[in-house]
Structures are given as structure tokens and as C-alpha cells.
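The following note sets out numbered points for a student who is reading this structure for the first time. Please keep the sequence and the model in view while working through them.

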Amino acid sequence: EGAAADVEFTVAQAELQRLIDETSFSMAQQDVRYYFNGLLLEVDGSRVRAVATDGHRMAIATRAEGVSGIERTQVIIPRKGVMELGRLLGDGDEPVTVSLSRNHLKAQVGNFALTTKLVDGRFPDYERVVPKDCGRSFGADRETLKQAFMRASILSNEKYRGVRLLLEKGQLTIQANNPEQDEAEEVVPVDYDGDKLEMSFNVSYLLDVLGVVSSEQVRFSISDANGSALLEAVDESDALYIVMPMRL
């Protein structure tokens, strides 16, 4: 499948950089499922998408950029390659040309070219993980939510990092406690009008998402107490974040 499998596309450096920034924090570190230790890059007709997961959370970012006429192609870039690509890319409109073959990705910026080997493996069907019918959703001020989670995280259990979220009309209560029985409770006003709901999450994962989302408002959607949370920016961002629940 030599040169016939090759796919090439050109996008603005800033666009590819943003895809990496919005997703790469969700890659696994040293998972035995080695394909989790990398970033899925998917090119599909009219869009470029990056997906990263460690099995507990997932990040999906999409750019509808001029990559028309390409059949759906997926490659997994290893962690080291993702880091090197991030260093190569600038934040301007200058183009980067990405060439994909079966085993390698090559990125060309001006006179510089970076080649990285690809991870040989099948990435999970990420679209199946996206919660489909989130009956309950609320909006909140990103910075207020982030500060509240940060304060609660200080008192969460260092090992499990779990916090309990109590959602009710107009407010979200965040509770953390640790083995020393210290307790933290934060109340954040939210735009919510549904039933009461209690759920638990790893606070580090929620903070990671709030750290990369740049919109002033975030939307938090959930189907039920045992479901995954879907977090997204309220503005035009094309990034989605999924955080699996914890049992506390």
C-alpha cells in the first residue's frame, strides 16, 4: 500500500495548533492500550478532526478547513510526535502541509519538515462515546466554575480526586471531602431549571477542560446520575469534552 495510501492536505498552522491544544491533554501517559498514548488525526472530505482519550475522558476538536475531496483517513500520532508537532507549528496563518502515509506523518512548514512514525493500532469508535440524549444541561460562567472546582480540589482525596456535584434549580453545589474528614462546599449559580441530580467526577478532569476552553460560558450536559458529562464552549468552538463519572 505504498504511495497509493498517501493523503496530503494544507491548513493554517494556527488551526492545526489549536486542534492539538484543545485535545492533547486528554491523551493517556503510559497505557498498555498503546493507541491511547497518542492523538487520533482524522481527515474526512471537508474537515480535520483531532481526538484524544485515556479511557476516562475524551476530547474531540474539529476544523472545517479546506481539505475537500479526501476520503476518510485516520492516523494515530504518538505522544512524542504530537509534542514535536506542537513545537513546529506557529500561531499564524502560514500554511502547514501534512502528508499521511501508512506508517508516517510528515508536516512541512516553509523549509522545515518533521516526520514522525505513526502508532499501529485501531482507535476506538469515539463517536459511540459521545452522549446522545443529554436530557439535562446547564450553562455556567467558566471562570466562576473553574475557581470553585480549584478550591474544592484542594480538599479532594489526593488519590481519587473525586468531587460530588449536586445540581438543582439555579445552582450547583460542589462537595469534596478527604480521609482527614475536611470538607469543602462551593455553590455556583447556574442556568438550570430541571430536576435535582447528584453525580461524581474526577475534579482534575473537569479542571483540565475548563483550562483549555476559552469561552466565557460553558455548557455542561448529562443524561443521568451515572452518565458521562458532555462539556462544551457556548460560543462557536467546535470542541467537545466527555468526562466519565466516578463512583464515590
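**Note on the structure**

1. Leu167 lies in strand 10. Helices (H or I, at least four residues) and strands (E, at least two) are DSSP runs, numbered from the N terminus. The model is a predicted one, in which local features need pLDDT of at least 70 and side-chain atom pairs count only at pLDDT 80 or more, while totals for chains, interfaces and linings use all residues. Residues are numbered from 1 along each chain as its sequence is written, and side-chain values use heavy atoms, with hydrogens and water left out.

2. Is Leu167 buried or exposed? Leu167 is buried, because its relative accessible area is 1%; buried means under 20%, exposed over 50%, and partly exposed in between (1.4 Å probe, protein chains only). Leaving aside residues up to four places away in sequence, Leu167 touches Phe138, Leu172, Val190, Tyr192, Asp195, Lys196, Leu197 and Met199, where contact means heavy atoms within 4.5 Å. The C-alpha atoms of Leu167 and Ala12 are separated by 41 Å, the two residues being 155 residues apart along the chain.

3. Strand 10 (residues 162–168) pairs with strand 13 in the antiparallel sense over six bridges, and Leu167 stands opposite Leu197 in strand 13. Two strands are taken to pair if DSSP finds at least two bridges between them. Strands of a sheet pair through backbone hydrogen bonds, either parallel or antiparallel.

4. These strands belong to an open sheet of four strands in the order 12-11-10-13, with antiparallel pairing. At its edges are strand 12 (183–189) and strand 13 (197–202), each of which pairs on one side only. From one strand to the next, the twist averages 20°. Helix 3 (residues 142–154) packs on this sheet and touches strand 10, strand 11 (171–177) and strand 12; its direction makes about 175° with that of strand 12. Angles run from 0 to 180 degrees between N-to-C directions, and axes are lines fitted to C-alpha atoms, for helices over the stretch in contact. Helix 4 (residues 203–212) lies across strand 10 and strand 13, at about 80° to strand 13.

5. Another open sheet has four strands in the order 1-6-7-8, with antiparallel pairing. Strand 1 (7–12) and strand 8 (112–117) stand at the edges with a single partner strand each, so one side of each has no neighbour in the sheet. Neighbouring strands of this sheet are turned by 20° against each other on average, direction ignored. Strand 1 runs antiparallel to strand 6 (residues 95–100), and six bridges join them; the bridge partner of Glu8 in strand 6 is Ser99. Helix 1 packs on this sheet, touching strand 1, strand 6 and strand 7 (104–109), and its direction makes about 100° with that of strand 1. Helix 2 lies across strand 7 and strand 8, running at about 170° to strand 8.

6. How do helix 1 and helix 2 meet, and at what angle do they cross? The axes of helix 1 (residues 13–23) and helix 2 (residues 79–88) come within 10 Å and cross at roughly 145°. Gln13, Gln17 and Ile20 in helix 1 meet Val82, Leu85, Gly86 and Leu88 in helix 2. Helix 1 is mostly covered, with eight of its 11 residues buried; among them are Leu16, Leu19 and Ile20.

7. Strand 2 pairs in the antiparallel sense with strand 5 (residues 70–78) over seven bridges and with strand 3 (residues 47–53) over five bridges. Glu42 has Gln74 as its bridge partner in strand 5 and stands opposite Arg49 in strand 3. A hairpin joins strand 2 to strand 3 through one residue.

8. Some values describe the whole protein. The protein has four helices and 16 strands, and 48% of its 248 residues count as buried. Its C-alpha atoms fill a box of roughly 60 × 35 × 30 Å, taken along the principal axes. Residues 24 or more positions apart account for 65% of the contacts with a separation of 6 or more.
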